[in-house]
Amino acid sequence: MARSFPLPSSPADADPSCRRCDAVCCRLTVVVMPEDRGVPRWLVERNAQGVEVMARDEDGWCAAIDPQRMSCSIYADRPAICRSFAMGGAYCLDIRATYREQRLRGIPLTLY
Ligand code: SF4
């Protein structure tokens, strides 16, 4: 799987952008709600708690990710939780910083 994006620039990450990111937010658990009717069922699985979530690939990214572009292949139909995720918000900055640290230190990436 091609992952050619540079590391986020710094833990402080003053200028976050989806265009320069490995879609790190797409490694988080994405709960699929009944209202998310456009999500293809083959991309949905039930987790250990019985909650429907987006399936993940072997590397931990959402199964809907386009690995060549690191972008969402179902963007128009993505779950509501993905729509509400704020680029540059506190959660975005936090997971980008964690991802950067793990990559720099060669630590296996942890799923959330
Ligand atoms: S559905 Fe799309 S936006 Fe949501 S986590 Fe998966 S790839 Fe990312």
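Reply: A salt bridge is a side-chain nitrogen of Lys or Arg within 4 Å of a carboxyl oxygen of Asp or Glu. In this predicted model, there are 5 salt bridges.

One of them joins Arg46 to Glu52, with 3.2 Å between the closest N and O atoms. Arg46 is exposed, because its relative accessibility is 55%, whereas Glu52, at 22%, is partly exposed. A further salt bridge links the side chains of Asp66 and Arg69, at 3.6 Å from N to O. Here Asp66 counts as buried, with a relative accessibility of 19%, and the threshold for that class is under 20%.

The aromatic rings come next. A pair of aromatic rings is described by the distance of the centres and the angle of the planes. The structure contains 2 aromatic pairs. Trp61 and Tyr99 make up an edge-to-face pair, with 6.4 Å from centre to centre and 90° between the planes. Trp61 lies in the loop between strand S2 (52-54) and strand S3 (65-66), and Tyr99 belongs to helix H2 (residues 90-105), so this pair ties together parts that are 38 residues apart in sequence. Trp61 is buried, with a relative accessible area of 3%, and Tyr99 is buried as well, at 5%.

The pair formed by Phe85 and Tyr91 is tilted, with centres 5.7 Å apart and an angle of 45° between the planes. Phe85 is partly exposed, with a relative accessible area of 25%, and Tyr91 is also partly exposed, at 47%.

Charged groups meet aromatic rings too. The ring of Trp61, already described as a partner of Tyr99, has the charged end of Arg27 over it, 4.5 Å from the ring centre. Elsewhere, Arg78 is placed over the face of Tyr75, at 3.7 Å from the centre of the ring.

Technical notes: Residues numbered from 1 in each chain as written. Predicted model: local features only at pLDDT ≥ 70, side-chain atom pairs only at ≥ 80, totals over all residues. Heavy atoms only, no water. Buried < 20%, exposed > 50% of the residue type's maximum accessible area, 1.4 Å probe, protein only. Phe/Tyr/Trp six-rings, centres within 6.5 Å; stacked < 30°, edge-to-face > 60°. Helix = DSSP H or I, 4+ residues; strand = E, 2+ residues; numbered from the N terminus. Lys NZ or Arg CZ within 6 Å of the ring centre and 35° of its normal.
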